[in-house]
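Here are my notes on the model, point by point. Please read them with the structure open.

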Amino acid sequence: MSNPKSFEKSLQQIPGHLFRRLHQIAVAKFSLEAEPFGLTPLQWAALDAIERNPGVDQSTLSRDIALDTSTFAGVIYRLEARGLIQRKASATDRRLRVLFLTDDGRNLLVRASPVVMDMQHWLLDPLSVQEQTNFMEMMLKLVNRTDVN
């Protein structure tokens with residue numbers, strides 16, 4: 001493509017279509033690999049983020065994961081119902097709910113994370129190491145531009 005603004009009619013030349021396809025592939029692979037753990041990509045991301053930042057409040061975590069608060073509330077509800085996380089009132093601000101992994105949540109995360117990370121490597125495996133680095137940098141550039149606007 002010499003002029004990126006003049007896309008051919010082929011769907012293979014339309015970035016949005018390719019992003020959607022790549023997302024479909026990633027979610028399908030995640031669902032297949034993570035089925036034994038009963039986790040969705042968003043649930044795994046929430047567990048991982050809570051493990052990295054125990055006591056994080058729900059609003060901050062939903063921003064960190066880049067998920068609207070209503071969808072995120074459903075994710076948190078399901079994780080709590082499974083006994084994987086605990087919600088507690090914040091010691092400093094009783095209006096805030098802070099999140100912690102339970103022992104079951106931590107154990108599930110420990111078992112699921114290697115499978116999830118192997119799947120992440122599988123997604124980029126067709127690319128050389130340099131291409132992987134470039135691809136990740138370009139995706140971050142696009143995501144960060146979108147997050148700012």
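1. His17 touches Leu11 and Gln12, leaving aside residues up to four places away in sequence. A contact here is heavy atoms within 4.5 Å. His17 sits in helix α1. His17 is buried, with a relative accessible area of 16%. Buried means under 20% relative accessible area, exposed over 50%, and partly exposed in between, with a 1.4 Å probe and protein chains only.

2. A word on the basis of these notes. This is a predicted model, in which local features need pLDDT of at least 70 and side-chain atom pairs count only at pLDDT 80 or more, while totals for chains, interfaces and linings use all residues. Residues are numbered from 1 along each chain as its sequence is written, and side-chain values use heavy atoms, with hydrogens and water left out.

3. Overall layout. The chain has six helices and three strands. Helices (H or I, at least four residues) and strands (E, at least two) are DSSP runs, numbered from the N terminus. Starting at the N terminus, the elements run α-α-β-α-α-β-β-α-α. The C-alpha trace spans about 55 × 35 × 25 Å along its principal axes.

4. Burial and surface. Of the 149 residues in the chain, 28% are buried. The accessible surface of the chain is about 10,300 Å², and 56% of that belongs to carbon and sulfur atoms. Accessible areas come from the Shrake-Rupley method with a 1.4 Å probe; for residues, only the protein chains shown count as cover. Among the chain's contacts with a separation of 6 or more, 50% are between residues 24 or more positions apart.

5. The sheet. In what order do the three strands of the open sheet lie? The order is β1-β3-β2, with antiparallel pairing. The edge strands are β1 (56–57) and β2 (85–89), and each pairs on one side only. Two strands pair if DSSP finds at least two bridges between them. β1 pairs with β3 (residues 97–101) in the antiparallel sense, over two bridges. Asp57 stands opposite Val98 in β3. Helix α2 (residues 41–52) packs on this sheet and touches β1, β2 and β3. The direction of α2 makes about 95 degrees with that of β3. For such angles, axes are lines fitted to C-alpha atoms, for helices over the stretch in contact, and angles run from 0 to 180 degrees between N-to-C directions.

6. A surface patch. Leu22, Ile25 and Trp122 form a nonpolar patch on the surface, with about 250 Å² of accessible area together. Patches are made of residues with over 30% relative accessible area and no salt bridge; like charges are joined within 9 Å, nonpolar side chains (Val, Leu, Ile, Met, Phe, Trp, Tyr) within 5 Å. Ile25 belongs to helix α1 (residues 15–34). Ile25 is partly exposed, at 32% relative accessible area.

7. Salt bridges. How many salt bridges does a search of the whole structure find? It finds six. A salt bridge is a side-chain nitrogen of Lys or Arg within 4 Å of a carboxyl oxygen of Asp or Glu. One of them joins Glu33 and Lys29, with the closest N and O atoms 3.0 Å apart. Both residues lie in helix α1, four residues apart, about one turn of the helix. Glu33 is partly exposed at 30%, whereas Lys29 counts as buried at 18%.

8. Further bridges. Glu80 and Arg87 form a salt bridge with closest N and O atoms 2.6 Å apart. Glu80 is partly exposed at 28% relative accessibility, and Arg87 is partly exposed at 26%. Asp93 bridges to Arg95, the closest N and O atoms being 3.0 Å apart. Arg95 counts as exposed, at 73% relative accessibility. Salt bridges that share partners also join Glu51, Asp103 and Arg106 into one network.

9. A backbone point to check. Ala66 has a phi near 65 degrees, a positive value in a residue other than glycine. Most residues other than glycine have a negative phi. Ala66 lies in the loop between α3 (58–65) and α4. Ala66 counts as exposed, at 60% relative accessibility.

10. Thr69 is found in helix α4 (residues 69–81). Thr69 is exposed, with a relative accessible area of 54%. The C-alpha atoms of Thr69 and Ser59 are separated by 7.0 Å, and the two residues are 10 apart along the chain.
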